[in-house]
Amino acid sequence: MNEFATLIHHLSGTNSILEKKVLLADYFSKTEDQDKLWGLALFIGKKPKRTISAGQLKEWCAEFTGIQEWLFEASYQRVGDLAETISLLISNQNKTEKQNIENRQNKLSEYLLKLILLSKSDKDVKKNYIISQWQTLNQNECFVFNKLITGGFRVGVSENLISSVISQLLDKPLSEIQHRLSGNWTPENTLWGELLVKDVADLSKPYPFYLCHALDENNIEFSPNEWYAESKWDGIRGQIIKRESEIFIWSRGEELITDQFPELVALKELLPDGTVLDGEIICINQSEHIISPLPFSLLQKRIGRKKPGKQLLQEAPVIFIAYDILECEKKDIRNEPLKKRRIILETFIQTLKANQVVISPLVEFKNKQDLKSIRDNARKEKTEGIMLKRKDSIYLSGRKKGDWWKWKTDPFSIDCVLLYAQAGHGRRSGLYTDYTFAVKDGDRLVTFTKAYSGLTDEEIKEVDAFIKKNAVEKFGPVRTVKPELVFEIAFEGIQESKRHKSGVALRFPRISRWRKDKNIDEINTLDDLKSLLRQTD
């Protein structure tokens, strides 16, 4: 535990990628396998389910330290991180060096396994264990221990960086390490050697997804001789895998979603072994012969339903739009150029003759102006824009620049007024950065969305000063603000929602600009939002 806490402390203290690589390599070369496995899992987001609530931790810390609740909340708002707040308060308690030395001998894996077991314990057992550890851990260890309970480690360590370090340590190709780290393995159900060293096949493993950046319109000229263009489909990115008579469907977030899409599971009888398709799951209008997407809100009904009922299958039918093939005839073909993979995919889909899978059609264009016209018309075609892929590109892992780009349609936008605010966390602790916005509905204001991003640091400070000066009501950490500041909110989609007062919910809302040129009389209305809703039906 002490070794891992020391690693986190040093990683947090540097922005140098080279230094981080050295620190990680040193840890993974010296630590025993089980702790290495848990450390690796934590860095790539495979943390155990939370078994203790933030409210309980706050309550127990206040009780243990004798601090009043209001002072704890003030400290938390100031520090901005619950794990760090507790570790700072706990560090002031008297601890013997003997206790610290004894605790440093405990393994990271032991702590995590204990926390998992606590999920079945009652509140008093959990409380006694947590306080017993607070009594013995030093500040760094206490911080990491609290992080194990509350969430991830934001220390600037990406999955690509971890994969690179492990690749060098084990002298294995980076692509192989990235593939081995994919899937739904956990440190509880595997071993370090089985995961990364031995040739133990996991039939279900997806390949790491190739992601792309948003296009800067001014940085590239596109020629149809060098680039493919396709529609950007509004669905769930996924891989369909058929190996040794078994079928697996994975989402981009590496969630196994096979059971949620029984119509795609039926492909098990049609797909040949050793096939991996990359593409998009979308809801479609089955009465039309062309690809006619239905709203993403229908697909959302399928998300999280492990076994959708007959009625839902009829209301939200899906197909898989394939735009790449990564494995064919049991051979990994990701290093073949896209032009060759596309030919293989076309032949494959034609031979397959399955209604559940169609190939993503290529979009014809002559120049960039053609592409812009297609992109500007995308919303009418019920797509999000266009994708641009270099014909000679291989299939990489993670988000890369250069060979694949997404060029999305311009977002919707609404002018609204700031009505509520709450302080942020982390580096924005102490500043009001969590905003709730409202539009007009007759003579009243109706809240319709929250947004956290889009302002510069200077603008955040300016808004924060206004909020502190013009707060009119207080509800715990939330402040009601004098409705004067007008902002433009951009968003990708809108749908009906019974959970919101406004009756609508936005997809990916963010602040696009501060409208200092407008006042509250010029903001949009709830009718304007509902008009946008009708346009997207």
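**Entry 1: Gly-493**

I began with Gly-493, which is buried at a relative accessible area of 9%. I took buried as under 20% relative accessible area, exposed as over 50% and partly exposed as in between, with a 1.4 Å probe and protein chains only. The model is predicted, so I noted that local features need pLDDT of at least 70 and side-chain atom pairs pLDDT 80 or more, while totals for chains, interfaces and linings use all residues. Residues are numbered from 1 along each chain as its sequence is written, and side-chain values use heavy atoms, with hydrogens and water left out.

I placed Gly-493 in strand 17; helices (H or I, at least four residues) and strands (E, at least two) are DSSP runs, numbered from the N terminus.

**Entry 2: confidence**

I read pLDDT as the predictor's confidence in each residue, from 0 to 100. The chain has a mean of 87, and 94% of its residues reach 70 or more.

**Entry 3: the largest pocket**

I looked up the largest pocket and recorded a volume of about 1,300 Å³. A pocket is an open set of points on a 1 Å grid over the protein atoms alone, where a 1.4 Å probe fits, with protein on both sides within 12 Å along at least five of seven lines; lining residues have an atom within 4 Å of a point. Grid points are joined across faces, edges and corners, and the volume is the space filled by probe spheres set on the points.

The lining holds 44 residues, and Gly-235, Ile-236, Phe-296, Arg-507 and Phe-508 lie nearest the centre. Strand 10 gives the most, with four residues. Elements that each supply at least two include strand 3 (236-243), helix 15 (296-300), strand 17 (493-496) and strand 18 (504-507).

I then checked charges over rings, which require NZ of Lys or CZ of Arg within 6 Å of the ring centre and within 35 degrees of the ring normal. Arg-507 lies over the face of Phe-296, at 4.0 Å from the ring centre. Lys-389 lies over the face of Trp-404, at 4.3 Å.

**Entry 4: aromatic pairs**

I counted rings of Phe, Tyr and Trp (its six-membered ring) as paired if their centres lie within 6.5 Å; planes under 30 degrees apart are stacked, over 60 edge-to-face and the rest tilted. The count comes to 15 aromatic pairs. Phe-28 and Trp-192 are stacked, at 6.2 Å centre to centre and 15° between the planes. This pair joins helix 2 (residues 17-30) to helix 13 (residues 192-196), across 164 residues, and both partners are buried.

Tyr-111 and Phe-145 are edge-to-face, because their planes stand at 65° with the centres 5.8 Å apart. Tyr-111 lies in helix 8 (residues 108-117) and Phe-145 in helix 10 (residues 139-150), so the pair ties together parts 34 residues apart in sequence. Tyr-111 and Phe-145 are both buried. I also noted a cluster in which ring pairs link Phe-4, Tyr-27, Phe-28, Phe-43 and Trp-192.

**Entry 5: cysteines and Lys-530**

I found zero disulfides, a disulfide being a pair of cysteine sulfur atoms within 2.5 Å. Cys-328 is buried at 17% relative accessible area, and Cys-416 is buried at 0%.

Lys-530 is in helix 20 (residues 526-536) and is partly exposed, at 34% relative accessibility. Its C-alpha atom is 8.6 Å from that of Gly-503, 27 residues apart along the chain.
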